[in-house]
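Have a look at the model first, then read on.

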Amino acid sequence: MNPQAKIYVAGHRGMVGSAIVRQLKASRCENIVTRSHAELDLTNQAAVNAFFAAEKPDQVYLAAAKVGGIYANNTYPAQFIYENLMIEANIIQAAHANDVQQLLFLGSSCIYPKAVPQPMREDALLTGVLEATNEPYAIAKIAGIKLCESYNRQYGRDHRSVMPTNLYGPGDNYHLANSHVLPAMIRKLHLCKLAQAGDSAGIAADEAKYGEIPADIRAMMQSGKVTLWGTGTPYREFLHVDDMAVASIFVMNLDKPTYDANTQPMLSHIDVGYGSDLTIKEAACTVAEVVGYQGEIEFDTSKPDGTYRKLMDSSRLEKLGWKATIALKQGLLLAYNDYLGK
């Protein structure tokens, strides 16, 4: 890695983008370019083109995306496919037009078919039907991979893609309607703990920081037990976002012959996972232990489970020299302290 390289991190205020910025700074990279959404709307092609023409970065980390959990994906499918397609198409084309050779696109494990063999290998892409609850988002992420590959094939660019498993950690989204499974668990269990303790001031402070507490969640808080979606039986793999940031920088800075030798021109993405998974119920029990919630946890089986299992095959990346280092309980402690503002 060249510490003097000018590096643009798209989505630097998001969980992954902010972790990449932290890791770059820890690696003594100081010439980091960022823009907030208010400063640069990435769905605006003219604005993105003007930004790249002015800044001309050496490297681009494309971590910007519209993201959310099952509820958000089901409720806003048009926004999820449109905004993600526009963001990645605008950035990749502007990078090419301004001669940016190195770009890393961050995708998602949801690119793989619903009925894919486990663990999910890179060559499972486009071999079956996608999970219906997040199909629009998944299609946008697949398009991002293929954009990178197409610019590589036609123009000789060095654009790479990494596919993370479920991420969590500092900077996560704790909105109760739009968050992913772990941050939703953290907030629900924390609020129920506060309700059991009669801590109205703590509940008010949480609402002021993380947004309105819906009526159904308030009813849950008064019931003395936490209700989570689904059956609790599906398996999920979780990776701390700081591990993902290290993996992203590692893949970006692999020498090109090594990257090319371990990928294919039309199958060039690399999976990034923790290496093992656990059930949603087991994850909930671990979160309860970290948060200090001692009440009952039940599951609403009328709500969807999503894909039954989503374990990534990270063997290719591990053979190249990277492996996750932050265990789930350790990572959840870090995430909970960040949630509390410690």
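Which residues does the UniProt annotation "binding site" cover? The unreviewed entry lists Lys188, Trp229, Arg236 and Asp305. Keep in mind that what you're looking at is a predicted model.

Two of those sites are set side by side here:

Setting aside neighbours within four places in sequence, Lys188 is in contact with Leu176, Ile217, Met220, Val226, Thr227 and Leu228. Leaving out residues up to four places away in sequence, Trp229 touches Ile70, Tyr71, Phe299, Asp300, Lys303 and Pro304.

Now for the chain as a whole. You'll find 13 helices and 13 strands in it. The radius of gyration is 20 Å, close to the 20 Å that the globule rule gives for 342 residues, so the chain is as compact as a globular protein of that length. Along the principal axes, the C-alpha atoms fill a box of roughly 60 × 40 × 35 Å.

Buried residues account for 51% of the 342 residues. If you take contacts between residues at least 6 apart in sequence, 81% of them join residues at least 24 apart. The accessible surface is about 14,800 Å², with 51% of that belonging to carbon and sulfur atoms. As for charge, there are 32 positive and 36 negative side chains, and the centres of the two sets lie 2 Å apart.

Note on methods. Residues numbered from 1 in each chain as written. Predicted model: local features only at pLDDT ≥ 70, side-chain atom pairs only at ≥ 80, totals over all residues. Heavy atoms only, no water. Helix = DSSP H or I, 4+ residues; strand = E, 2+ residues; numbered from the N terminus. Rg over C-alpha atoms; globule rule 2.2 N^0.38 Å. Buried < 20%, exposed > 50% of the residue type's maximum accessible area, 1.4 Å probe, protein only. Contact = heavy atoms within 4.5 Å. Areas by Shrake-Rupley, 256 points an atom, 1.4 Å probe, with all protein chains shown as cover. Lys, Arg positive; Asp, Glu negative; His and termini not counted. Charge placed at Lys NZ, Arg CZ, Asp CG, Glu CD. UniProt positions renumbered as here; feature names shortened; annotations may be inferred.
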